[in-house]
Amino acid sequence: MPADPLHRAGTSQRSATSQPPSGSGASAIEVRRSARRRRTVSAYREGDRTVVLIPARMSKAEEQRWVSVMLDKLAAQESRRALGGDTELAQRAERLSAQYFDGRARPASVRWVTNQNTRWGSCTPSDGTIRLSHRLQGMPEYVVDYVLLHELAHLLVPGHGPRFWRLLEAYPRTERARGYLEGVAAAERASGRGG
């Protein structure tokens with residue numbers, strides 16, 4: 001079978017630049033296909049553009065899936081740099097409470113902890129304390145915001161009944177964040193790391 005000129009060693013092919021999903025942190029995405037690249041996918045920011053490098057043989061569906069994965073990974077790396085310590089986390093909780101709960105959720109303390117390996121966050125309504133697992137520090141900011149809002153909502157409604165979920169409907173990325181966390185948990189279970 002004759003070799004495809006686009007898939008000869010040393011050649012690469014660029015796909016059209018497209019607009020990323022909202023909140024990805026970049027204004028455009030450029031996918032570069034390479035015949036030399038066999039399995040690995042990588043991505044980096046180049047000015048206001050995100051460049052995703054993929055093997056030339058990938059289907060369009062695989063390309064779309066990997067672009068989404070790599071955007072989340074880049075967002076997670078950027079989130080790690082932006083999240084800061086407990087003081088920043090408390091300030092973030094205050095901003096989220098003001099934005100989504102009219103400032104009604106007022107925690108006494110909000111902090112990162114390293115002893116929560118089976119839960120993303122926890123809240124003790126009786127003393128107003130919120131704890132977020134350090135494992136969230138490598139995740140996109142919208143995921144951290146969701147977990148923080150989830151715990152803030154427990155200061156207003158202790159259980160997980162309909163009233164609780166109605167509160168969280170105010171956050172537009174609730175379903176996406178829950179899906180992300182479910183995917184991480186499933187991957188950890190599959191690799192034997194999860195609890």
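Helix 2 and helix 3 of the predicted model meet through L89, R92, A93, L96, S97, Y100 and F101 on the side of helix 2 and E141, V144, D145, L148, L149, L152, A153 and L156 on the side of helix 3, contact meaning heavy atoms within 4.5 Å. By class, this contact has 11 nonpolar, one polar and three charged residues (nonpolar: Ala, Val, Leu, Ile, Met, Phe, Trp, Tyr, Cys and Pro; charged: Asp, Glu, Lys and Arg; polar: the others, Gly among them). The axes of helix 2 (residues 86-101) and helix 3 (residues 141-156), as lines fitted to C-alpha atoms over the stretch in contact, come within 10 Å and cross at roughly 70°. The two helices are therefore roughly perpendicular to each other (65 to 115 degrees, on a scale from 0 to 180 degrees between N-to-C directions).

Strand 3 (residues 42-46) pairs with strand 4 (residues 49-55) in the antiparallel sense over five bridges, where pairing requires at least two DSSP bridges. E46 has R49 in strand 4 as its bridge partner. Two residues lie between the strands of this hairpin, and G47 in the turn has a positive phi of about 65°.

Overall, the protein comprises five helices and seven strands (DSSP runs of H or I, at least four residues, and of E, at least two, numbered from the N terminus), in the order β-β-β-β-α-α-β-β-β-α-α-α. Of its 195 residues, 42% are buried (under 20% relative accessible area, 1.4 Å probe, protein chains only).

Residues are numbered from 1 along each chain as its sequence is written. Local features of this predicted model need pLDDT of at least 70, side-chain atom pairs count only at pLDDT 80 or more, and totals for chains, interfaces and linings use all residues, while side-chain values use heavy atoms, with hydrogens and water left out.

Terms used. Buried means under 20% relative accessible area, exposed over 50%, partly exposed in between (1.4 Å probe, protein chains only). Angles under 35 degrees count as roughly parallel, over 145 as roughly antiparallel, 65 to 115 as roughly perpendicular and the rest as oblique.
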